[in-house]
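User: I would like a close look at one part of this model, with the terms spelled out as they come up.

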Amino acid sequence: MKALLDDGLSVLSDLLQSGAGSCHPETEARLNRLSQSWEDAGLHTGSTLLAQLAQALAQRRHGGESGPLDLMEKTGTAVRYIRFCQQKYGLDAAKARL
């Protein structure tokens, strides 16, 4: 679970560093693969967030309506979700050690 969450932060970090306007198709594909992995692991909300972000990137690359603020809002929501899950994971791990 920790590795999946770390991968999520990594792909979102890469997206922010490269800029949504110059996003490579590989980023979209990576988001879709990670979304499926999260769905398989039971992170249903996170899976939906990543899939929506991948869809927004696809629309933007093809001249769609998704603007940079929409992409940043979706990215911010996904990052907050990951941070929440990481905190929950840490608390559960600490509880298990007690």
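How do α2 and α3 run relative to each other, roughly parallel or roughly antiparallel? Please set the answer in the context of the helices around them.

Analyst: This is a predicted model, in which local features need pLDDT of at least 70 and side-chain atom pairs count only at pLDDT 80 or more, while totals for chains, interfaces and linings use all residues. Residues are numbered from 1 along each chain as its sequence is written, and side-chain values use heavy atoms, with hydrogens and water left out.

As a setting for the pair, the protein has 4 helices and 0 strands, where helices (H or I, at least four residues) and strands (E, at least two) are DSSP runs numbered from the N terminus. Along the sequence the pattern reads α-α-α-α, and the C-alpha atoms fill a box of roughly 55 × 20 × 20 Å along the principal axes.

Two packed helices are described by the angle between their axes and the distance between the axes. For α2 and α3 the angle is about 160° and the axes are 8 Å apart, the axes being lines fitted to C-alpha atoms, for helices over the stretch in contact, with angles running from 0 to 180 degrees between N-to-C directions. The two helices α2 and α3 are therefore roughly antiparallel to each other; angles under 35 degrees count as roughly parallel, over 145 as roughly antiparallel, 65 to 115 as roughly perpendicular and the rest as oblique. The crossing of α2 and α3 is left-handed, a term used if the near helix is turned anticlockwise from the far one by less than a right angle, clockwise being right-handed.

On the α2 side, the contact with α3 (contact meaning heavy atoms within 4.5 Å) is made by residues including P25, T27, E28, L31, L34 and W38, and on the α3 side by residues including H44, L50, L53, A54, L57 and A58. By class, this contact of α2 with α3 holds 10 nonpolar, 6 polar and 3 charged residues, where Ala, Val, Leu, Ile, Met, Phe, Trp, Tyr, Cys and Pro count as nonpolar, Asp, Glu, Lys and Arg as charged, and the others, Gly among them, as polar.

Two residues of this contact can be looked at individually. T27, placed in helix α2, is buried, with a relative accessible area of 13%; buried means under 20% relative accessible area, exposed over 50%, and partly exposed in between, with a 1.4 Å probe and protein chains only. Not counting residues up to four places away in sequence, T27 touches V11, L15 and L57. A58, which lies in helix α3, is also buried, with a relative accessible area of 17%, and the C-alpha atoms of A58 and A29, 29 residues apart along the chain, are separated by 9.7 Å.

Helix α2 has another partner in α1. The axes of α1 (residues 2-18) and α2 (residues 25-41) come within 11 Å and cross at roughly 160°, which makes α1 roughly antiparallel to α2. The crossing of α1 and α2 is left-handed, and their contact has 9 nonpolar, 4 polar and 3 charged residues.

Helix α1 in turn packs with α4, their axes coming within 10 Å and crossing at roughly 155°, so that α1 and α4 are roughly antiparallel to each other. The crossing of α1 and α4 is left-handed. This contact involves L5, L9, L12 and L16 among others of α1, and M72, T75, A78, V79 and I82 among others of α4, and its residues divide into 11 nonpolar, 3 polar and 3 charged.

Leaving aside neighbours within four places in sequence, L12 is in contact with L31, L50, L53, T75, A78, V79 and I82.

Over the whole protein of 98 residues, 33% count as buried, and among contacts between residues at least 6 apart in sequence, 60% join residues at least 24 apart.
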